[in-house]
Amino acid sequence: MGASLKDKAKLSKPVLKSFNCPNCGATLEIVAVGSTVSVSCNSCLSIIDTKDENYRLLAKAVGKKRVQPAIPIGTRGKFSGKVYEVIGFMQRRDSGFYWREYLLFNPYHGFRWLTEIDGHWSYTKKINDIEDNSNMWSSNQKFKSKNFKLFNRGAAIVDYVEGEFYWRVKVGDHCKMYDFIAPPYMISKEVTKEEVSWSQSIYLERDRVAEIFKIKEDDLPWQQGVAANQPSDLKKKLKECFKYFLYTVAFCFLLNVLFLVIRDNKTVFDHNYKLKMDYASSTNVGKYKEIKTDEFQIDGDDKNIWVEVSSNVSNSWLFVDMVMVNKKTGETIPMPIEVSYYYGSDWSEGSRSTDRYEFNIPAGVYYILMEFQKGGNHITSQYVRVKLKSDVVIGGNFIWLIVFCLIPLILTALRSRSFEVQRWSNSSENPYEEE
Amino acid sequence: MKVLYIIFAVYFSYLTMFGKSFWSPKYKRAKPKTKTTRYYHK
């Protein structure tokens, strides 16, 4: 694909200056006449000084392995309505970490760069209106009222060169490099013995690059990991999620308060019983006698009831097999409940009271029948207290609501954090490194 | 995300208005338990 596109692009390219390679004799063409200072020979990859009258060799390539650019030299693409042509390509590295840079040229608008790291693309231009404000106390940089965080400091060594450039470049050239990020933007500072230069990049989606240069997306390198300046919508989503969380919880809290006022929340039965051993029955040896409570009234159909059973259990348990009986219809509502409480010098488990809810209770006169089972330590005087309230607000629902509302919030926060951890994993300034 | 929170709010409103509970423990008749299983499990 690369060769055919390259040929096609070259057909329409205006050849402005040509000369022969002093090393191999191949014919070379220069697009950015007047600006180009060095050009590589397409045949032998030697680099030639085009400002020199005799086209002297800047670097002679011996046994150099060719690197295939994903966007062939000569390919043209439109950025904001301006046509740029790829005239140079180089690969740079920093301790085993490689990235590729494409030099773009438009005779009226000058030079731009396209950078590719691990399949992530950025469109770059030089900037001059920046004040270097990084210092020993702060490693951040301000530009156009945006705060950029220092992402990487290292070196950039030229590993491979192809095409033409507006400065004398050769393999092995190196500079100090500082990258500052405020996604989708990144500003970079390159320091050589001669100069300090700044550039600003903006993240470009892979499909956008393919569209600009009219090449297949599959022919571009596959994306890996997260780029330094790759924008993330997860932070925005997290803020949104938190907003919805607050709205939902606030709404439900108010609704809960409203129903606390509206509902009867009426105590319909509350009685304390001393449990007596059942000596009369031969089958119930060691058991407490059954209890039948007094009658009580529940008003209003289909109301809920809250039942609480308390007992003075102590390293023991009491199971109360309760049945609420409608006096008129004989309908029974089973409400088994267990109270158990265990403790040691520094621990405890269970509670001396347990509650439960029953729903859709028809209005009427009721009484309760209770049978008991017990276990654990023997208690000489055991009591049981039964308390019933009708038409209550169930507070537990609000706790469950908070739990459920927290799940998407926590998941989004974790996803956002994981994205940032991945982003910073390639950084020399990784804030997550210590964790 | 918005839809999810609306569902949560609507379901909670339903539970509150109709006096229902999202979850309540179910107690079954206790099987005889020994001191060993209950007391010394910590």
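**Interface of chain B and chain A**

I began with the area buried between chain B and chain A, which comes to about 3,300 Å². Carbon and sulfur atoms give 63% of that area. This is a predicted model, so I treat every value here as computed from the prediction.

I then looked up which elements of chain B give two or more residues to the side that touches chain A. They are helix H1 (2-17) and helix H2 (35-39) of chain B. H1(B) gives the most, with 10 residues. By class, I find 14 nonpolar, 5 polar and 9 charged residues on that side of chain B.

Next I took the contact lists. On chain B, 28 residues are in contact with 41 residues of chain A.

How many salt bridges does the rule find across the interface of chain B and chain A? It finds 0. I also looked up polar contacts between the two chains and noted 7 residue pairs, both residues at pLDDT 80 or more.

**Confidence**

I checked the predictor's scores. The complex has an ipTM of 0.71 and a pTM of 0.74. Chain B averages a pLDDT of 71, and 55% of its residues score at least 70. Over residues 29-42 of chain B the pLDDT is below 50. In the model this stretch still has 27 contacts beyond near neighbours in sequence.

**A:Arg423**

I moved to chain A. A:Arg423 lies in helix H4, residues 396-424. Is A:Arg423 buried or exposed? It counts as buried because its relative accessibility is 2%, against a cut-off of under 20%.

I followed the side chain of A:Arg423 and found that it reaches the backbone oxygen of A:Ala227 at 3.4 Å. I set aside neighbours within four places in sequence and listed the contacts of A:Arg423. Among them are A:Val226, A:Ala227, A:Ala228, A:Asn229 and A:Gln230. The list also includes A:Phe151, A:Ile181, A:Pro183 and A:Ser232.

**A:Ser188**

I looked up A:Ser188 and placed it in strand E14 of chain A, residues 185-191. A:Ser188 is buried, with a relative accessible area of 4%.

Which side chain makes a polar contact with the side chain of A:Ser188? That of A:Asp179 does, at 2.7 Å. Beyond neighbours within four places in sequence, A:Ser188 is in contact with A:Met177, A:Tyr178 and A:Asp179, and also with A:Ser197, A:Trp198 and A:Ser199.

Last, I took a distance to A:Phe151, a residue in contact with A:Arg423. A:Ser188 and A:Phe151 are 37 residues apart in sequence. Their C-alpha atoms are 9.8 Å apart in space.

Conventions
Residues numbered from 1 in each chain as written. Chains lettered and ligands numbered in written order. Heavy atoms only, no water. Contact = heavy atoms within 4.5 Å. Buried area = accessible area lost by both parts, 1.4 Å probe. Salt bridge = Lys/Arg side-chain N within 4 Å of Asp/Glu carboxyl O. Polar contact = N/O pair within 3.5 Å; in protein donor to acceptor, adjacent residues only side chain to side chain. Helix = DSSP H or I, 4+ residues; strand = E, 2+ residues; numbered from the N terminus. Nonpolar A, V, L, I, M, F, W, Y, C, P; charged D, E, K, R; others polar. pLDDT = per-residue confidence, 0-100. Buried < 20%, exposed > 50% of the residue type's maximum accessible area, 1.4 Å probe, protein only.
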